[in-house]
Amino acid sequence: GTGAIKYVICNGDEGDPGAFMDRMLMESFPFRIIEGLTIAAYAVGASEGYFYIRAEYPLAVQRIRDAIRQCEARGYLGENVMGSGFSFRLHIMEGAGAFVCGEETALIASIEGHRGMPRRRPPYPAEQGLWNAPTLVNNVETLAVVPWIVRHGPAEFASLGTAASKGTKVFALAGKIRRGGLIEVPMGVTIRQIVEEIGGGIKPDPHTGEPRHFKAVQIGGPSGGCVPASLADTPVDYEALTSVGAIMGSGGLVVLDETDCMVDMARYFLSFTQDQSCGKCTYCRVGTRRMLDVLERICEGKGALNDLAALEELAQQSIFPKPRQLLP
């Protein structure tokens, strides 16, 4: 758009259980993210930017705030940045704990002071976003890598990863793993390599020291999926994960061993999505409630065979029904 004012937003609303990549980046490399956001603003001609950070990350909020203050004091932010004629102001908005505000249109509504509800796209934020002005929304990890790409060139970045998923990805390794924490790997590395080589394998039994075995990895947050050990050689890239029924999502990897019950996992993530559903669509609002009822019944040992069929059917229901043949 050619509107007078444009905005850039850094999405730091990381709500997935088991994901802490953005938190670490904001706490440890605030200047890198600010630099990426400033470059993005310069590229699209935006004069104002927002950091949307979840309030549960007080240290991240504090460090970004301090970093913005230092940048303003040195003339890297504010009026006439470094004498370039380009002006850029940054603000911080703290999220109030709604998982749905990680979705860009809900996040924009939240900044505007409305209830964080997603809206249909188009129009996309790039045309009509914050206060109906053209808005660029990117996540913390994307913005943090921009200065590196500008410094080393796009060919250097594209030389990492796979043909379709280029570069690297940051993952949060959590769960039954010897070495948890943050990892940055080239796209296309396999789940087995991440669990065994980087994570050092599965933690032994804490009481007896008996070895335990890799069972599955939960990937892509509550809307993601579990990839069983039998598919451990799946490469971690967008296409391969989608083909096995998971998604890359934000990049949380929760490693499970044989003591973890898959039904309990499904119930946990479903209770999370049920709790955090914005309730706008009936299928999600009512459907996740029904699915949770079924799973709780199964967990209490009162499951019936047709429960599985019911879960399958509910899971496939969506807001886009299959076209029906209308009667003549």
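R289 and E296 form a salt bridge, with 3.9 Å between the closest N and O atoms; the term stands for a side-chain nitrogen of Lys or Arg within 4 Å of a carboxyl oxygen of Asp or Glu. This comes from a predicted model, where local features need pLDDT of at least 70, side-chain atom pairs count only at pLDDT 80 or more, and totals for chains, interfaces and linings use all residues. Residues are numbered from 1 along each chain as its sequence is written, and side-chain values use heavy atoms, with hydrogens and water left out.

The classes here are buried for under 20% relative accessible area, exposed for over 50%, and partly exposed in between, using a 1.4 Å probe and protein chains only. In total, the structure holds 20 salt bridges. Some sit inside helices (helices being DSSP runs of H or I with at least four residues, strands runs of E with at least two, numbered from the N terminus). In helix 7 (residues 191-198), E196 and R192 are four residues apart, so about one helical turn separates them, and their closest N and O atoms are 3.7 Å apart in a salt bridge. E196 is partly exposed at 45% relative accessible area, and R192 is partly exposed at 31%.

Helix 9 (residues 262-276) has a pair of its own: R267 and D264 are three residues apart, which again puts about one helical turn between them. Their salt bridge has its closest N and O atoms 3.6 Å apart. R267 counts as partly exposed at 30% relative accessibility, and D264 does too at 35%. Elsewhere, salt bridges link K176, D205, R212, D257 and D260 into a network.

E14 tells another story: this residue is buried yet has no salt bridge, and the nearest side chain of opposite charge, R54, is 6.0 Å away. For charge, Lys and Arg count as positive and Asp and Glu as negative, while His and the chain ends are not counted. E14 belongs to the loop between strand 1 (7-12) and helix 1 (21-28). So what does the side chain of E14 reach? The backbone nitrogen of M21, at 3.0 Å. A polar atom of the E14 side chain also lies 3.2 Å from the backbone nitrogen of R23. Beyond neighbours within four places in sequence, the contacts of E14 (heavy atoms within 4.5 Å) include F20, D22, R54 and Y57.

R54 itself is located in strand 2 (residues 48-54) and counts as buried, at 17% relative accessibility. Setting aside neighbours within four places in sequence, R54 touches G12, D13, E14, G15, V61 and G95.

As for the sheet, four strands make an open arrangement in the order 3-2-1-4, with parallel pairing; two strands pair if DSSP finds at least two bridges between them. Strand 3 (89-95) and strand 4 (135-139) stand at the edges with a single partner strand each, so one side of each has no neighbour in the sheet. Neighbouring strands are turned by 20° against each other on average, direction ignored. Strand 2 and strand 3 pair in the parallel sense over seven bridges, and G49 has L90 of strand 3 as its bridge partner. Helix 2 (residues 30-44) lies across strands 1, 2, 3 and 4, running at about 150° to strand 1. Axes are lines fitted to C-alpha atoms, for helices over the stretch in contact, and angles run from 0 to 180 degrees between N-to-C directions.

Methods: A polar contact is a pair of N or O atoms within 3.5 Å; within protein, one must be able to donate a hydrogen and the other to accept it, and residues adjacent in sequence count only if both atoms are side-chain atoms.
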